[in-house]
Every structure is written in C-alpha cells, then in structure tokens.
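I opened this notebook to record what I looked up in one structure.

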Amino acid sequence: MPTPPEDREPEEQRTRGREPEDRELSPYTGWTRAHWERTADRLLLAVRPHASPRKGLIGLPGPRPSWSGVRSDALEGYARTFLLAALRAAHGDDPHGHLDRYAEGLAAGTERPGGAGPEDWPRTTDTRQAVVESASVALALRLTRTRLWDRLDDRVRQRAVDWLLPALAPSPVDNNWWLFGLTVAGFLQDAGIETDRAAATVERSLDRVEQWYLGDGWYSDGDNRAFDHYNAWALHFYPVLHAHLAGDRDLLDRYGPRLRAQLDDHVHLFDGNGAPVPYGRSLTYRFAAAAAPWLGALTGHTPLTPGATRRLASGTLRYFLDRGATDATGLLTLGWHGPYEPVVQSYSGPGSPYWAAKGFLGLLLPADHSVWTATEEPLPAERADTARALGPTGLLVQTTAADGLVRLHNHGSNHVGSAEQGEDDPGYARQAYSTRTGPTTAPDPADNHFALLRPDGTATTRGPATPLGTGPGRAASAHRPLPGVRVLSATLVHGRAELRAHLVLGAPEGTPVRQTGWATHADGPVSQLHPVHGYESATTELPTGATLQGPGPTRTPAVHGTTSGPEALFVALVSLTAEPGPATVSDLARVHVTGPRTLEVTWQDGTTARLALYEGPGADRPPNRPPRRVTAATRAATAKVAAAVPTMTMPTPITKRPLPSSDQS
C-alpha cells in the first residue's frame, strides 16, 4: 500500500552525521544521547511502511519466514519495535508520535486474536513464539503505563489483558522462556490486574531460573552448559529490570550483585572497535549486547563508571551501524554486519533483529544522568592485556591493548543439542572465537578445531566438552571425538600468544590429526600457527569462505600429525593480532615438553607456566554451591512442562544454516 508522506523520513534526515559528533564529551565514539534518540527514530520510521492498515502487525521483508510463520513474524515486528518506541519515549519526548501508532496497533491486534484478518494477533496458546512477544508488549506497556495504557479505552485494555494472561502459565520451553511470563506478570502487577496470579508467576519463574545460577554472575540457559549472550540480555536483564521497576528492594538485593558480577566479565567481551565477541546463538540481536551495561547504570549495580558504560554501548551501536546492519531502507537485517544466513536460527524471522531494542535501555536514564554527561573512558581491551577465566563456564577471555582485539577460548560451553560424534554447532563448538574472525561454517573446514581425520579425510567433531578447570591464563577440557577415544585439551595464553595442547588417548596407531587456527580475510588481522610437538614441521593453509566478518575468501592455517602409542601429545603456538608487522608466534614463547603429559613454557617476557594434562572430576557445577530453593509450585510446574514437552533439546544443526537451536526468543 502507498506510504503516507508522514510515515517516511525525509531524505535529508536519513543522512548519518546530521547530528554532529562531540569528541570532547565522547572522545572514543563521538556519540551523545542525541545520536541514540536519532537512531531510535530512524529505526522506528523505517518499519512504518510495513505496518498493516491499522498498525496491529508489522510484516517486514526478509529472505524467509521463521518456523512460526508470517503472522507470528509480523507480531514480532510489532512487539519488538514497540519496546524500542517505549524506550525512545520514556521521558516524554516523542516528536514522531510513535506511541500513538503502537496504541492503535494494540487495539487492532487484540480485537480478534487468533483470526486470519490483516490485523489479528496469534494467540499465545496457539503460537508459542507469541509468548516471547508478549513479554516485549508487556514491558513496553509497563514503561509507558501513564502515557499509553492508562489512556486506552476500557475495552481495549480488557482485550489486551485477555491476550496477555495465558503467558502467566508455566513456560512451554524450559530455559530463559520462564522470564517472559515473569515480564508479563510484572506489568499486570503494576496495573493492578490479577495480582495474586501474577505474583505466583513471578515466584515460580524466578525459582525455576534460580536452579541454573552457577555463581560468579553466570547462569546456564536451562539444565545444560550453554553459556552465551543470553546471560546478559535475558537471564540477568528480565529479573533485574523487573525488580527495579517494581521497586522491590529484596529482589534487587538478590539479583543486583549478580548483575554486577556478570558485568565484571561481560565488559571484557568487547573489542576496542565496539564489537562484542560473536559466540553462541541469536547473534542477529547485535547491539542487544549493550543492554546489561545500561541496566547496571540504571540500577546502580555495576562495576563500570558512567563514562565507560556509554563508551561501551555507543561503541557497540556504532560498530554495527557503521558496518551495514541496516539495509538501504533503514531496516535491520538478519545477520551480523549485513545479511548473513549462517548466524540465523530457524526460529528467527525478519522481525527478530529488533530484539536489539534492548540495547536502547539507556534512554530510560534522563539526559542529565552522569551516564550521558560523563566523559567517555576506555574499555578494558584498550587499557591492558587481560587473561581472565569467566566464572564456572570454562571460558577464558584474552585481550590485547595494542590492537584492542578480544579472543574467547572455549573449554566448557556447549550447544544444548550437542552429542558425542554428532554434528557441531559453529557458535558453540569452536576452541576459540574472536571479535574479528569467523567462525567458518560447513562445508568449509572448521577453524580453531582439533580433529582426528578419518580414512576418507573427513574430520571428527568436538561434541560436548567437559570442563577440567581454569586458572590464571589457562583453561582445560575433555571430549570424545570417536568411540573409545578421549582428548584432553588445554589452552595457555599470555599477551597475544596462545599455546594449545591436546592429549589423544586410545586412538589407533597412526591416526592422522589436524589443528586449525584463526580464519582471516586478507585485510583482517594476522593469523599465525606454529607446530611445537607431535605435528609435522610444515604449516599449511586451508582455503575457506565467507564468515560473519564478510564474504570469502578466507584462509585458515593448519598443522597435521599422526598418533603414536596409546597416548599422543600435540602442541602448537597460535596468535591472532592486528599489530602491524608482528613477530612470528614462535618468537613469543619457548616450549619444553617435560613428559608424556607435561610441558613448560617460557613466555617472551621471561615468565613461565607449567601444564600437566590429567583428567580431573570435570564437574559441570562448582563445588560447595549453596542448596537451591525450589518451591512446591515450581516442582509441579516443571513436572508439567516435562510431561507436556517431550524434548527440550535443540534440533540438529542444518548444514547450510549451521546455527539453529530451540524455539527460543
């Protein structure tokens, strides 16, 4: 349908840079609150031409619908941009009339839910994805209650309540989905609607998620070892924001310190150029990674100064916008920089990228708050080299100040559907990730992967990794690539240098093995891989293709060897750096293998480290954790979910779209 003139942003206003940079206040990014407001308006104006006549659905264009179908996708387009509009108008400044449009859409969408008309919303009882979107609708209504909800016609309010209420039931998916009911309940409590039932949902939801808290600011996303950005943008986001909006001091005292602990680690995952580490799933949410730092500033539970908070958030937003996250019409695309199908799960549709609206949470803070008025400060990756183990996750972060680059070594985070000898998910199964590389995807060889090679030349997968512990500058894990074969792996880091060691146990004599390094573009950082022990002396390069950093070709270094005896040790030095003219990685360390399972490394600055590859208990949960508090209501609800939903695991990855997962957000 033709777009009314008022629904189009004037061409001269679409030109980025119309808002001048302020390099005195923001020496790192140049951005101020005005840039955030301007960007929010641009994103909201860009979706207007795709709204239904009465604005109840926003059906955005895209390469394909999600597995929930086009009507659910159009609800997603409405709900997620409604949250952005609510944040943009939080302090009464709504020059484009965003809230009026979403109020009209709320009335239209709830008029005949479950119908087939051009405005009709799917019911949460019929379409599970609608449960996810109910949380965005409820949170937007909560944030704008006096400006929008309280001014609605009584009949519209009742229809909206009727649509939201089923979301108070036990979650149909046993992971972060419990927090969507919590979010709906929080709004209903604030509005004085079904308060007892809402309170029960809050308690049940928090009790369930409590079972996955492992300490040091980290949750698993269900009964598993899946650690990713959902920790920050969901598992902390919803409980802490609910406690803050409810003014519930007891809840905030419980969850606020956890957020602070999470942010202590989270801040180290951002490159000096603003990029968050691309690992895990739902990477198309992009700058939603800035939501938790804003939340810390909003609640006071943060280790970051106001200037560092804004520098992180503005850097992340600019990183994506400057690299083509929006198309020529201003719409967010399914991908990372621009469109990139391999990071898109089958649950994602054209409206999914707008979960990035959470990254605008800082607009809840008034213009005179110190987070907007303080001078920007550098990120940890820009200040000093860091080697930091991330709580109980088995993840080890390595940053270098010379280039601001961040690397994340993985010795314990697994895809929910990971199985021994099964297909790997590139978002979880790599030995390492960085802010400026891959991962590669099938049919290309896996980057940062240690494999046994079968007679036909195909490589084994990693499957689930059992963490064997972390320490200063190190992490270790074990996995079973083949029946009867066990591999113990460890990473030691110092500066930009990495030492990767693998002990292969039980493989047939003469089994070929291969270690790959970082996959890089010609104009990207320098990837180095040097054989130390067990490998042949030559390093080869494998031709690989596109990654989320850009189209191919890329090149991935590799070293090869063969097993000898029942225990075979393989050691290599690895480096990824953006420093100009870097020295070879073999100059960064001297390695002395002292035994069948032991070695000693002397780093370039003279410091030393020792490594012994022995299998410990590998417990999935840290010892001496306090007992969980689980109410009878939670046990009953969990049992109901288990009975109703036979499997909570994610489907096997699809070769051409290698980052699928469960029907989650």
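Which helices are included in what covers the buried residues of H6? I found helix H3 (70–88), helix H4 (98–109), helix H5 (129–143) and helix H7 (178–191) among what covers them. I note that this is a predicted model, in which local features need pLDDT of at least 70, side-chain atom pairs count only at pLDDT 80 or more, and totals for chains, interfaces and linings use all residues. Residues are numbered from 1 along each chain as its sequence is written, and side-chain values use heavy atoms, with hydrogens and water left out.

**Entry 1: helix H6**

I looked up the buried residues of H6 (residues 154–164) and found Val-156, Ala-160, Val-161, Trp-163 and Leu-164. Seen down the axis of H6, these buried residues fall within an arc of 160 degrees, so they line one face of the helix. I recorded Asp-154 and Arg-155 as exposed on the other side of H6. Here buried means under 20% relative accessible area and exposed over 50%, with partly exposed in between (1.4 Å probe, protein chains only). At the start of H6, I noted a side-chain oxygen of Asp-153 within 2.7 Å of the backbone nitrogen of Arg-155.

I then read the packing of H3 and H5: the angle is about 25 degrees and the axes are 8 Å apart. H3 and H5 are therefore roughly parallel to each other, a term for angles under 35 degrees. Among the residues that make the contact (heavy atoms within 4.5 Å), I listed Leu-75, Phe-82 and Leu-83 of H3 and Val-132, Ser-136 and Leu-139 of H5.

For H5 and helix H9 (residues 230–246), I found axes that come within 12 Å and cross at roughly 25 degrees. That makes H5 roughly parallel to H9. In this pair, Leu-139, Arg-142 and Leu-143 in H5 meet Phe-237, Leu-241, His-242, Leu-245 and Ala-246 in H9.

**Entry 2: Thr-554**

Is Thr-554 buried or exposed? I found Thr-554 buried, with a relative accessible area of 1%. Thr-554 lies in strand E15 (residues 554–562). Its side chain makes a polar contact (a pair of N or O atoms within 3.5 Å; within protein, one must be able to donate a hydrogen and the other to accept it, and residues adjacent in sequence count only if both atoms are side-chain atoms) with the side chain of Thr-544 at 2.6 Å. The side chain of Thr-554 also reaches the backbone oxygen of Gly-545 at 2.8 Å. Not counting residues up to four places away in sequence, I noted that Thr-554 touches residues including Ala-519, His-521, Leu-542 and Pro-543.

Key:
Helix = DSSP H or I, 4+ residues; strand = E, 2+ residues; numbered from the N terminus. Arc of directions from axis to C-beta. Axes fitted to C-alpha atoms, helices over the stretch in contact; angles between N-to-C directions. Parallel < 35°, antiparallel > 145°, perpendicular 65-115°, else oblique.
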